[in-house]
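Hi,

Here is the structure I said I would pass on. Have a look at it first, and then read my notes below.

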Amino acid sequence: MTDVTGLLLPAELAARARDLLAGRVEPVPTRDAATVVILREGLEVYLLRRKSTMAFAAGAYVFPGGSVDVRDTDQAVAWAGPSPAEWGAVFNAGEEVARGLVCAAVRETFEESGVLLAGPGPDSVVADTTGDDWESDRVALIDRSLSFADFLARRGLVLRSDLLKPWAHWITPEIEHRRFDTRFFVAVLPEGQRTRDVGGEADHVAWKRPAEAIELAHQGEIFLMPPTYRTLTELSAHDSVAGVLAERREIVPIMPRAVEIEGEMRLVTR
C-alpha cells in the first residue's frame, strides 16, 4: 500500500467488508499493541521487513513493535520517567493499559532491534547490548521464558519512559481478521547502542530516510501499511531528529474503514 486514502481492497477483504456492512459478520476484538519508531541522526528510521510467512502484514516494512504481554503490566517493572498515569492521560487509556503499552514498547524494541531504552538509573542508559549474554536474554524474552520485570531486575536496570515520545494511535480496520489497538512512539537510538539484524519475525532490516522509504513504496520496491506510510510522511516534514522531538502531537485514534466507491470497496481514513 502506498497511500492512506482510497486504497482498493483485494477481493477477499472486499467481500468481508460487504459482510460487515450488511451485519452478516462481526469484527474481531482488538489487542493492545505498541510500536516504536527508532530514529538516528541524519533523520533515518529503522525498518524491518516482516517475513512472507507471517499471518499479519506479511512482507511489509514496519517499525519494531508487538502486542502487550500480560506481564507487561507487572508493577514490579523498575520505572523511571513519566508515570503510567501520565502516559494514560496522553493515550486516553487506563493506568494498567498505559503501563503495559510502555513496557511493551521498550521490550519489543529490544527484542526486534537490540536497542534497549533502559539504564542503571533515571539519568543513564545502557551503552552496549551486543554481547552473548544480552543475546541470551533477548531470546528468552521472545520465547517468554523470561519476564521483562525479571530481566531488568537481574541487570539492575530501570525502564526509561522519558526516552519515548508519543506519536500516534492507530486501530486496525474492522475488515481484518487480526486487529490491534496500537500506540505509536518515537525514540532516538541511544548513544553507544546500535541496531542489528536479529531475525525472528523479520527477514531484512534497513535504515532509511523517511522520504526515501516513501519513494521506494511509490516505486513498488517496498510495501508499507497505511500507518507506516502516514508516519513516514509526517517524519519527512522534518529535517532533523530535534525537529521531530519538538513537534507537538495531539494523539487521536485513527481507524481506517471500508467504503464502497463507484462499486469498488476501498479503505479510507476520513
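**The cavity, the cores and a helix**

The largest cavity in this model has a volume of about 50 Å³. Bear in mind that the model is predicted. A search of the whole structure turns up one cavity of 30 Å³ or more.

What lines the largest cavity? The residues are Asp 69, Arg 71, Asp 72, Arg 107, Leu 141, Arg 144, Leu 146, Ser 147 and Phe 148. By type, that lining splits into five charged, three nonpolar and one polar.

Phe 148 turns up again in the largest nonpolar core, which has 37 residues. Along with Leu 116, Phe 151, Leu 152, Leu 159, Leu 164 and Phe 185, Phe 148 is among those with the most contacts inside that core. The elements that give two or more residues to this core are the helices α2 (84-91), α3, α4 (132-142) and α5, plus the strands β2 (31-40), β3 (44-50), β10 (180-188) and β11 (202-208). Which element gives the most? That is α3, with seven residues. Another core, of 24 residues, lies apart from this one, and Leu 39, Leu 47, Phe 184 and Leu 232 are among its members. As background, nonpolar side chains in soluble globular proteins tend to be buried together.

Now for α3 itself, which covers residues 95-113. Its 19 residues should span 27 Å at 1.5 Å a residue, and because its end C-alpha atoms are 27 Å apart, the two figures agree. Is α3 mostly covered or mostly open? Mostly covered, with 16 of its 19 residues buried. After the helix comes Gly 114, which has a positive phi, near 85°.

Leu 152 sits in helix α5, residues 148-155. Leu 152 counts as buried because its relative accessibility is 0%. Not counting residues up to four places away in sequence, Leu 152 touches Val 77, Ala 78, Ala 118, Leu 157 and Leu 159.

Leaving aside neighbours within four places in sequence, Leu 159 is in contact with Val 77, Ala 78, Trp 79, Ala 80, Val 102, Cys 103, Val 106, Leu 117, Ala 118, Phe 148 and Leu 152.

Over to you!

Key: Residues numbered from 1 in each chain as written. Predicted model: local features only at pLDDT ≥ 70, side-chain atom pairs only at ≥ 80, totals over all residues. Heavy atoms only, no water. Helix = DSSP H or I, 4+ residues; strand = E, 2+ residues; numbered from the N terminus. Buried < 20%, exposed > 50% of the residue type's maximum accessible area, 1.4 Å probe, protein only. Contact = heavy atoms within 4.5 Å. 1 Å grid on protein atoms, 1.4 Å probe; cavity = no way out; pocket = protein on both sides within 12 Å on 5 of 7 lines; lining within 4 Å. Points joined across faces, edges and corners; volume = space filled by probe spheres on them. Nonpolar A, V, L, I, M, F, W, Y, C, P; charged D, E, K, R; others polar. Expected span 1.5 Å × (residues − 1). Core = buried A, V, L, I, M, F, W, Y, C linked by side-chain atoms within 4.5 Å.
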